Amino acid sequence: MKIIYIHGINESQADGELLKADWDEMIWGVFRNTSMLYWGDLSIARDGLLQDLGDRLLCEMLKLATANTLLRDVNNYFFKDGMRIEIIARFQKLIESNPEDDVLIVSHSWGTVIAYDSLYFFDKVWKETLPNMRINLITIGSPLGLHSIQAQLRSMYSKERLTVPSIVKNWDNYFDSFDPVAAMHLVKPAYKAKHQLEFTDHIVKNPKSPTYAHSLAGYFSTEIKERILNYK
């Protein structure tokens, strides 16, 4: 099984290889043959105040409709095609390089939006070119439940209703009830499945909650880790 990680804004200042090694350590305890969809070099959150803001204020900024000025990575992703298209192209390269039938994508925070968007973008293409590919998606602390995010995705796709990409066969969404980025909590009700799909929203207790309920290290110390280790 090919395993791909996708990080969020708060990890964008890290080195890609070191970041992958950190995720490997948190999940497996050792280095694994995994891949990281690293996009931190495209992020403006690498420098100055925005680096400190990161994912922690993502939810509040979006709810206040001030993402254009206060969280420019979100704005740039949605409204400046260069950043989004480059990230999606990197995702394509990871999938199509030595393609495997089974792929597990583990994504956190803004990385969950990237995962969904990329899978939707290539859904029809891969359905024809990689017909046996089975995508297993894990989203953690995801803003995909936020109405503002859904509105932008619907606008980009010119769709009245968001759907689950047909190449996704399993989708497990995890959140802590105090996680501000996953403020709307449930993702499943907003994304219609037109195919057979295992899709579940899971509430977990992040040990760093409520102070930092969005902590990835905290999330990986819950049942999420066991789910990844036993994914089939």
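Trainee: In which helix is the place of G16?

Mentor: G16 belongs to helix α1 of this predicted model. With a relative accessible area of 12%, G16 is buried, because the cut-off for burial is under 20%.

Trainee: What does G16 touch, not counting residues up to four places away in sequence?

Mentor: G16 touches M36 and Y38.

Trainee: How does the distance between the end C-alpha atoms of α1 relate to its 12 residues?

Mentor: Helix α1 covers residues 16-27, and at 1.5 Å a residue it should span 16 Å. Its end C-alpha atoms are 17 Å apart, which agrees with that expectation.

Trainee: Which residues of α1 are buried, and where do they fall when seen down the axis?

Mentor: The general idea comes first. An α-helix has 3.6 residues a turn, so residues three or four places apart point the same way. In α1 the buried residues are G16, L19, K20, W23, D24 and I27. Seen down the axis, these buried residues fall within an arc of 140°, so they line one face of the helix. On the other side of α1, E17 and L18 are exposed.

Trainee: What covers the buried residues of α1?

Mentor: The covering elements include β1, β2 (35-37), β3, α9 (216-219) and α10 (223-229).

Trainee: Which residues are buried in α8, and which are exposed on the other side?

Mentor: The buried residues of α8 are I149, Q150, L153 and Y157. They cover an arc of only 95° around the axis, which puts them on the same side of α8. H147 and S155 are exposed on the other side of this helix. After α8 comes S158, whose phi is positive, near 55°.

Trainee: Which residues touch the most other members of the largest nonpolar core?

Mentor: As a general idea, nonpolar side chains in soluble globular proteins tend to be buried together. Here the largest nonpolar core has 43 residues, and I105, W110, W171 and Y191 touch the most other members. Two or more residues come from each of β1 (2-6), α5 (72-79), α6 (81-96), β3 (102-108), α7 (110-129), β4 (134-140), α8 (147-157) and β6 (168-175). The largest share, 9 residues, is that of α7. Apart from this core lies another, of 22 residues, among them A182, V204, I224 and Y231.

Trainee: What is Y191 in contact with, leaving aside its neighbours within four places in sequence?

Mentor: Y191 is in contact with Y116, L144, Q150, L153, R161, L162, T163, V164, W171 and F199. Q150 and L153 in this list are among the buried residues of α8.

Trainee: Why is β6 described as largely enclosed by the rest of the structure?

Mentor: The reason lies in burial: 7 of the 8 residues of β6 are buried, so the strand is largely enclosed by the rest of the structure.

Trainee: In what sense does β6 pair with β4 and with β8?

Mentor: β4 and β6 pair in the parallel sense over 6 bridges. β6 also pairs with strand β8 (residues 198-203) in the parallel sense, again over 6 bridges. N173 in β6 gives a point of reference for both pairings: T139 stands opposite N173, and in β8 the bridge partner of N173 is D201.

Trainee: Where is L130 found, and does it count as buried or exposed?

Mentor: L130 is found in the loop between α7 and β4. At 18% relative accessibility, L130 counts as buried. Not counting residues up to four places away in sequence, L130 touches I95 and P99.

Trainee: What does the chain come to in helices and strands, and what share of its residues count as buried?

Mentor: The secondary structure comes to 10 helices and 8 strands. Of the 232 residues, 54% count as buried. Among contacts between residues at least 6 apart in sequence, 76% join residues at least 24 apart.

Trainee: What is the mean pLDDT of the chain, and where is the pLDDT below 50?

Mentor: The mean pLDDT is 87, and 86% of the residues reach 70 or more. The pLDDT is below 50 over residues 47-56, a stretch with 21 contacts in the model beyond near neighbours in sequence. Over residues 61-70 the pLDDT also stays under 50, and the model has 18 contacts for them beyond four places in sequence.

Conventions: Residues numbered from 1 in each chain as written. Predicted model: local features only at pLDDT ≥ 70, side-chain atom pairs only at ≥ 80, totals over all residues. Heavy atoms only, no water. pLDDT = per-residue confidence, 0-100. Contact = heavy atoms within 4.5 Å. Core = buried A, V, L, I, M, F, W, Y, C linked by side-chain atoms within 4.5 Å. Buried < 20%, exposed > 50% of the residue type's maximum accessible area, 1.4 Å probe, protein only. Helix = DSSP H or I, 4+ residues; strand = E, 2+ residues; numbered from the N terminus. Pairing = 2+ DSSP bridges. Expected span 1.5 Å × (residues − 1). Arc of directions from axis to C-beta.
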